[in-house]
Amino acid sequence: MIVHKFGGASIKDAESIRNLESIVRSRIEPNAVLVLSAMGKTTNMLETVTSLAYAENNKWAEKLNEVTQYHTEVCKLLFGIGKHSPEDEVKTLFSELSKKINRTIKLSYNKFYDAVVSTGELASTLIVERYLSHCGIKVTSLKATEIIITDNTYREGKINWEETTDRISTTIKEDNGIYITQGFIAGTTDGEVTTLGREGSDFSAAVIGNILKSKEVRIWKDVDGLYSADPKLFNDAVLLPRVSYRECVELGYYGARVIHPRTILPLRRYAIPLYIQSFKTPDNPGTLICSHNTEPVKIPCLILKNKQCLMTLTPKDLGFMAEEYVEIIIAEIKAVGVRINLLQSSAVNLTVCFDFDEYRFKPMIRRLEKTFELRYNNGLSLLTISNYTPQCINEHMENKNILLTQQSRKIIRFVYQ
C-alpha cells in the first residue's frame with residue numbers, strides 16, 4: 001500500500017481537483033491512502049478567523065463567510081446543481097463552525113485555534129471524496145481525528161503511537177481500495193481536535209506510512225521536487241534528484257518548507273522511500289529521499305524564514321549566563337509552544353530567534369521578564385546556507401543589515417532586516 005499526500009495547492013480550485021482525479025485514475029494503484037491538506041490558502045484564512053474571533057472582533061464572521069463561499073463556489077464548478085453536490089454539507093460544516101466559535105471563544109487560544117482551523121481539512125476531504133465518487137472512483141473516507149491520536153498539546157500534538165497504531169491497523173485494510181483522510185489534524189482519546197503543527201500534513205502521511213509499513217510515500221507538490229532553495233524565491237535553485245534521510249532532516253529542521261521536519265523519522269524506521277513529485281508535471285521523476293546509495297549534496301542549499309523575532313535576554317542580577325538561566329529560558333519558551341530556530345550565547349546574554357506568533361509571544365514575554373531584561377526586534381529574516389561558499393554568501397548577503405551571524409563547518413546562518 002502506498003500513501004499519497006496532496007497539498008493545498010493541488011486542490012485549490014475546481015480545475016486542480018479535476019487534475020487530482022486524473023492522477024488518481026491514471027497513476028495511483030487500487031490500494032492506497034490519500035492524505036489531503038486544506039484547499040489553497042484556507043488555513044491562512046481560518047487563522048485570520050481565529051485571531052479576529054479570539055480578539056472579539058466581529059469581522060471574523062465576514063471572513064468565515066468568505067471561506068464558505070470559496071468552498072461552495074468550487075462545489076458549483078465541480079458538480080453544478082444537483083443531488084451529487086456536497087454544497088449543502090459544506091455550508092452546514094461552516095455553519096456549525098460559526099456556532100462553535102460563539103460557544104468556545106473563551107477556550108485557551110491554542111485549543112480554540114485547533115477547533116477552528118481544523119475545519120479546512122474536513123471541508124477539502126468532503127469535496128474531493130464526493131468528486132472522486134461522482135467520477136466513479138470508489139473511496140472510503142476516514143476522519144483523521146479518529147485514527148491519528150495525540151496528547152492534548154494543542155497546535156503541536158504529540159502522537160500516541162500505541163493508540164494510533166491500533167486504530168490505523170484495524171481500520172485500513174490492504175484490499176479495501178482507496179482511503180481518503182485529512183492531514184495536519186488529529187484527535188485525543190477524549191475526542192478533542194488537535195493539530196500537528198503548521199505544514200503537518202506531510203507528517204500525517206509519514207505516520208500512516210510507518211504504521212502500514214508502506215511500500216513508499218509520495219508527496220505531491222506544486223514544484224518538481226526538493227530544490228537547493230525555494231525556486232519561487234531564488235532564481236539559482238537546483239533540483240536535487242536524490243537526497244539522504246539525514247540531509248532531508250537537516251534541511252527540514254532549518255526550515256525548508258517542502259518537507260516538514262518530523263516527516264522523515266517515521267519513514268526512516270522502516271526505510272520507506274519518500275518521493276516528492278509535481279502534480280503539475282507528474283511525468284517528471286521528482287526527488288527520491290532514502291537511506292541508501294545517496295551521494296552527499298555538495299552544492300549550497302538555502303533556506304529562508306521570514307517573520308522572525310530576535311530576542312536577547314540578560315539576567316537582571318547582572319550575573320553570568322549560567323546553565324540554570326539557559327534552562328529557565330528554554331523551559332519558559334517551550335511552555336508557550338514557541339520553537340527556537342537559532343540560539344546563541346555569550347558571557348552575559350542569550351539570544352534566540354523564532355517565528356513570531358502574537359498569541360504565543362505575549363505570554364512568553366510575561367514569563368521571561370520576571371527574571372531577564374529583554375531586547376527584541378520583529379519582522380526579521382533568517383537565512384540558512386548549508387554547504388556555503390564565499391561566493392554564495394556574498395551574492396545573497398550583500399547590502400543586508402545583518403544583526404547576527406552563526407557559523408560552523410558546514411552551516412552559516414544570518415538574521416537580518
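The second largest pocket holds about 570 Å³ of space. This is a predicted model. The pocket is lined by 25 residues, and Leu93, Lys100, Leu122, Lys143 and Val193 are the closest to its centre.

Which elements build the lining? Helix 4, helix 5, helix 6 and helix 7 (144-147) each supply at least two residues of the lining of the second largest pocket. Helix 4 gives the largest share, seven residues. The lining divides by residue class as follows.

| Class in the lining of the second largest pocket | Residues |
|---|---|
| Nonpolar | eight residues |
| Polar | seven residues |

Next, the nonpolar cores. The largest nonpolar core has 48 residues, and within this core Leu64 and Ile101 touch the most other members. Several elements each supply at least two residues of this core: helix 1 (14-27), strand 2 (32-36), helix 2 (42-54), helix 3 (59-79), helix 4 (87-104), helix 5 (109-117), helix 6 (119-134) and strand 4 (178-182). Which helix gives the most to this core? Helix 3 does, with seven residues.

What does Ile101 touch? Leaving aside residues up to four places away in sequence, Ile101 is in contact with Val49, Ala53, Trp60, Leu64, Phe112 and Val116. Leu64, one of these partners, is the other residue that touches the most core members.

Another core, of 40 residues, lies apart from the largest one. Its members include Leu267, Val297, Ile303 and Ile411.

Technical notes:
Residues numbered from 1 in each chain as written. Predicted model: local features only at pLDDT ≥ 70, side-chain atom pairs only at ≥ 80, totals over all residues. Heavy atoms only, no water. Core = buried A, V, L, I, M, F, W, Y, C linked by side-chain atoms within 4.5 Å. Buried < 20%, exposed > 50% of the residue type's maximum accessible area, 1.4 Å probe, protein only. Helix = DSSP H or I, 4+ residues; strand = E, 2+ residues; numbered from the N terminus. Contact = heavy atoms within 4.5 Å. 1 Å grid on protein atoms, 1.4 Å probe; cavity = no way out; pocket = protein on both sides within 12 Å on 5 of 7 lines; lining within 4 Å. Points joined across faces, edges and corners; volume = space filled by probe spheres on them. Nonpolar A, V, L, I, M, F, W, Y, C, P; charged D, E, K, R; others polar.
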